[in-house]
Amino acid sequence: MILLETNIEQVALTPFKVKVASFNLFNYVEPPLAYYDFENIYTSEQWAKKQRWLNDFLSEQQPDIIGFQEVFSASALAEQARDAGLSHFAVVDEPSVVDDFICRDPVVAIASKFAFEEVVSIEVDKPYAEGLGLESGFNYSRKPLRVTVVLPDIGHCDIYVVHFKSKRPSVDELPPPKTAVEGKATQANRANYGELLGCNVLGQWASSIQRGSEAALLFHSMMQRRVETQNAMMLMGDFNDDLNNQVLSFLTTKELRFEKDGLGELASYPLTDAYQLYCQSVSTAIDKQTPDEETPLSQRQPTHYYGAQGNVLDYILLSQDFNPAFHTSTAEVSHYHTEDRHLINPQYDRDSHSTDHAPVVCTLCSRR
């Protein structure tokens, strides 16, 4: 506790602490609804296990704000969040439902202990999309949402939840493969495999265009909002790509191509990965520690595995209000955690219906 002495009295100032999380739920759908196919319906036992896993996570981590992805049953999730003390819940879209029970196109949601002053569905800015050469009907693959809350010491904060387009090849708009020469089996097989490889590359590039365009348009919307309000910002979710990949790297850019003397007045606008801010705080603590103190900094853990290959796909990005290196910041990242036990050491009874992603959690607190 910090004591501030005045001429009149002593005023006790309690540092604030807010825990923020992002969680891809992996097909959160309440039976008798199915996800993607009529056979994909949880039994009552399976659904109970999936809800119990989420309950355990919320109980152990106790986030104050949590963004969700892959939500099919928003009402069930809202109730579960309220039971965990997250009394404020928002969702701005609905999944598609085929044949009255098969769900597709999951949505994002957010739950919070802080009241929402505003809830907004982020729409594509059509003139800018067309300026990028995108089709007039271009839309986000999953509609992002923004809520505005008031945080201690920070004030108004805009929180964005996203689920960018996956790397899965988009082939729906591609023409069918060319027909191989009839009657020549060997040549036909070669042609088919070559055509498949070529179409796969085209499909992957189509997904990259979608994902990168979503991120660019959202970033532009965020910057416009920042200019208008100067609110602090958080961007969290499943990015479906490495943040350092060229398709997404501009989300944390701190350079202007034609600005040679630094950002100047624009210094308050860049976003920073919460994990990097945590590493900075740990490094600072290491520099200040006495010889008998230890402040370990472990290697960043993947949030998703494709076979044996681990990747970081889930992120929490923060505005400069949470960066101690910025002169007007009032908060910092004091802890960062990747909940990956179910991925690296799974136990069937506990983890069989958990998630294929590792939720990420960061703790924000007043500047020391």
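What share of the accessible surface of the protein chain belongs to carbon and sulfur atoms? The share is 50%, out of an accessible surface of about 19,900 Å².

## Overall fold

This is a predicted model. The protein chain has 368 residues, and 46% of them count as buried. Its secondary structure comprises seven helices and 19 strands.

Contacts reach across the sequence. Take the pairs in contact that lie at least 6 residues apart: 71% of these contacts join residues at least 24 apart.

## The cavity

One cavity of 30 Å³ or more is present in the structure. The volume of the largest cavity is about 40 Å³.

Eight names make up its lining: Phe23, Leu25, Tyr28, Lys50, Trp53, Leu54, His353 and Ser354. Two elements, strand S3 (17–28) and helix H1 (44–61), each contribute at least two lining residues. Sorted by class, the lining has five nonpolar residues, two polar and one charged.

## Helix H2 and its cover

Helix H2 spans residues 74–83. Its buried residues are Ala74, Ala76, Leu77, Ala78, Gln80 and Ala81.

Just past the end of H2 comes Gly85, with a positive phi of about 95°.

Methods:
Residues are numbered from 1 along each chain as its sequence is written. This is a predicted model: local features need pLDDT of at least 70, side-chain atom pairs count only at pLDDT 80 or more; totals for chains, interfaces and linings use all residues. Side-chain values use heavy atoms; hydrogens and water are left out. On a 1 Å grid over the protein atoms alone, a cavity is a set of points where a 1.4 Å probe fits but cannot get out, and a pocket is an open set with protein on both sides within 12 Å along at least five of seven lines; lining residues have an atom within 4 Å of a point. Grid points are joined across faces, edges and corners, and a volume is the space filled by probe spheres set on the points. Helices (H or I, at least four residues) and strands (E, at least two) are DSSP runs, numbered from the N terminus. Ala, Val, Leu, Ile, Met, Phe, Trp, Tyr, Cys and Pro count as nonpolar, Asp, Glu, Lys and Arg as charged, and the others, Gly among them, as polar. Buried means under 20% relative accessible area, exposed over 50%, partly exposed in between (1.4 Å probe, protein chains only). Contact means heavy atoms within 4.5 Å. Accessible areas come from the Shrake-Rupley method with a 1.4 Å probe; for residues, only the protein chains shown count as cover.
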